[in-house]
Amino acid sequence: MPHSALGMENVLVLRQTLYLISLMTIIRDKNTDHSAFVRTSNIIITMLVQEAMNHVSMKRCLIASGSGGTYLGLKPAQEICGVSILRAGESMEHGLNSAFHSVPIGKMLVQRNESTFESKLLFCKLPKGIETFLVFLMDPLLATGNSSILAIQVLLEKGVPEENIVFLNLISCSQGVENIRKQFPRLRLITAAIDPELNDQRYVVPGCGDFGDRYFGTY
Amino acid sequence: MSASDNHKNVYVLNQTNQLKGLFTIIRDRTKPRVSIYLDAELSSDTYSGNDYAVNDTIIRLIVEEGLNHLPVSPAQVTTAQNVKFDGVVFDGRICGVSIMRAGESMEQGLRDCCRSVRIGKILIQRDEESQEPVLHYKKLPEDIADRYVLLLDPMLATGGSAMCAMDVLIGMGCKQEQIIFLNVIASPEGLYNVHQRFPKIRIVTAVVDEGLDSKGYITPGLGDFGDIYFGTKA
């Protein structure tokens with residue numbers, strides 16, 4: 001069970017189990033090699049997605065079991081889709097597809113200008129009917145929140161209600177979390193860790209470095 | 001595996017019944033969205049019970065054929081039976097480069113064969129006025145000029161985007177011989193255009209379709225690969 005963080009209702013942090021912390025240690029360590037980084041990130045992403053699936057509305061359904069009995073169970077009551085913020089967010093797409101087979105995946109490319117720290121939308125392809133879906137917005141790192149805020153605004157413009165957006169994240173910075181919470185109080189955020197600060201280049205500290213570069217091996 | 005009649009560096013997969021069966025499923029416009037990587041699970045009854053089909057998908061076949069074009073050196077090892085075995089090791093290092101968005105569908109197939117392979121990405125979009133393909137974004141391994149590059153894009157129509165991506169790679173110091181283009185469906189026009197400009201780049205494709213329609217789409221083709229794979233069909 002995740003806990004609410006920083007006194008904010010819609011911000012959920014995964015339960016800090018010994019296993020999770022040991023996995024986070026691996027991805028944070030700058031000496032971790034490329035292969036181990038990918039494998040370990042995939043495990044954490046799976047854990048995030050499993051928590052996220054708990055936010056899908058369910059409806060009751062009665063099924064007959066093979067042993068002649070019946071079982072009052074649950075099945076999803078709404079459509080879902082993923083929207084990944086390129087490039088780092090794409091690392092999370094397969095984790096989502098494993099939990100929810102053939103989930104539609106939208107993509108947005110938001111680029112951050114490294115001098116001005118402003119963000120620009122360069123590419124956007126979203127599933128048709130997205131305004132009716134529960135949208136899992138995916139970006140492993142949340143620093144200032146500028147890129148995420150731009151992406152969320154695009155979703156709102158497309159008609160997605162704020163309460164239908166669940167933002168999945170591995171490491172966030174408290175500053176970014178607050179920025180998003182102030183602007184979008186009904187949006188839900190699920191993260192594996194909230195780090196305290198940003199460095200001069202506005203990267204999360206301690207963080208894990210540049211997630212996209214480390215996951216895709218482009219350094 | 002056969003080299004194409006027209007072009008020496010083009011390799012088309014053997015048109016087995018299995019391959020044709022998989023293509024029949026993904027080309028069918030009436031089928032619900034299929035994850036092309038896992039399509040056999042959602043396919044007809046013939047395939048659903050067949051574990052072999054589940055594991056062997058079109059993209060994986062193309063990737064495996066592509067990997068066969070990498071150079072090897074002899075390597076000898078000693079088995080637990082204390083016998084020497086003459087094998088091979090792959091020479092040099094590789095990376096994948098996907099042409100966003102459709103090419104990204106092939107990344108997992110590549111990673112399944114080469115765990116944690118490095119993956120670069122290139123975004124090319126057509127300029128609204130000139131309709132020329134233009135580079136919008138790239139993130140590539142810094143040492144890409146020292147690597148064999150598996151360039152990923154499922155559809156090869158006119159070849160405009162592919163050639164733009166190839167220009168980017170050559171500009172970063174890659175030689176044509178280092179680049180292997182992995183593709184699902186190619187048009188004869190695209191193969192010709194790419195081969196004219198980059199005769200030494202090898203192309204591995206699963207099938208060569210009839211041609212291009214008046215809008216420049218491959219025919220019979222299957223529509224927009226990216227939209228089908230990612231479920232963003234308009």
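## Working through the A–B interface and its surroundings

Across the interface of chain B and chain A, nine residue pairs are in polar contact, both partners at pLDDT 80 or more. Keep in mind that this is a predicted model.

**Exercise 1.** Work out which elements of chain B supply the side that touches chain A, and which one gives the most.

*Solution.* Start with the elements that each supply at least two residues: helix 2 (39-42), helix 6 (107-113), strand 6 (119-126), strand 7 (133-139) and helix 9 (225-230) of chain B. Next, pick the top contributor: strand 6 of chain B, with five residues. Finally, sort the side of chain B that touches chain A by class, and you get 12 nonpolar, eight polar and 13 charged residues.

**Exercise 2.** Size up the interface by residues and by area.

*Solution.* Count residues first: 33 of chain B are in contact with 31 of chain A. Then take the area: about 2600 Å² is buried between the two chains, and carbon and sulfur atoms give 54% of that. On the chain B side, Arg111(B), Arg118(B) and Tyr137(B) lose the most area to chain A, together 19% of what that side buries. Now for salt bridges: the rule finds two across the interface. In one salt bridge, the side chains of Glu90(A) and Lys121(B) meet at 2.8 Å, N to O.

**Exercise 3.** Is Thr232(B) buried or exposed, and what does Thr232(B) touch?

*Solution.* Find the residue first: Thr232(B) sits in the segment after helix 9 of chain B. Its relative accessibility is 6%, so Thr232(B) counts as buried, the cut-off being under 20%. Now look around, skipping neighbours within four places in sequence: from chain A, Thr232(B) contacts Ile105(A), Gly106(A), Lys125(A), Leu126(A) and Pro127(A). From chain B, the contacts are Arg101(B), Gly226(B) and Asp227(B). With Arg101(B), there's also a side-chain to side-chain polar contact of 2.7 Å.

**Exercise 4.** How many residues of helix 5 of chain B are buried?

*Solution.* Helix 5 spans residues 58-67 of chain B, and seven of its 10 residues are buried. Among them are Ile58(B), Ile59(B), Ile62(B) and Val63(B), along with the charged Glu65(B).

Methods
Residues are numbered from 1 along each chain as its sequence is written. Chains are lettered from A and ligands numbered from 1 in the order in which they are written. This is a predicted model: local features need pLDDT of at least 70, side-chain atom pairs count only at pLDDT 80 or more; totals for chains, interfaces and linings use all residues. Side-chain values use heavy atoms; hydrogens and water are left out. Contact means heavy atoms within 4.5 Å. Buried area is the accessible area (1.4 Å probe) that two parts lose on being put together, summed over both. A salt bridge is a side-chain nitrogen of Lys or Arg within 4 Å of a carboxyl oxygen of Asp or Glu. A polar contact is a pair of N or O atoms within 3.5 Å; within protein, one must be able to donate a hydrogen and the other to accept it, and residues adjacent in sequence count only if both atoms are side-chain atoms. Helices (H or I, at least four residues) and strands (E, at least two) are DSSP runs, numbered from the N terminus. Buried means under 20% relative accessible area, exposed over 50%, partly exposed in between (1.4 Å probe, protein chains only).
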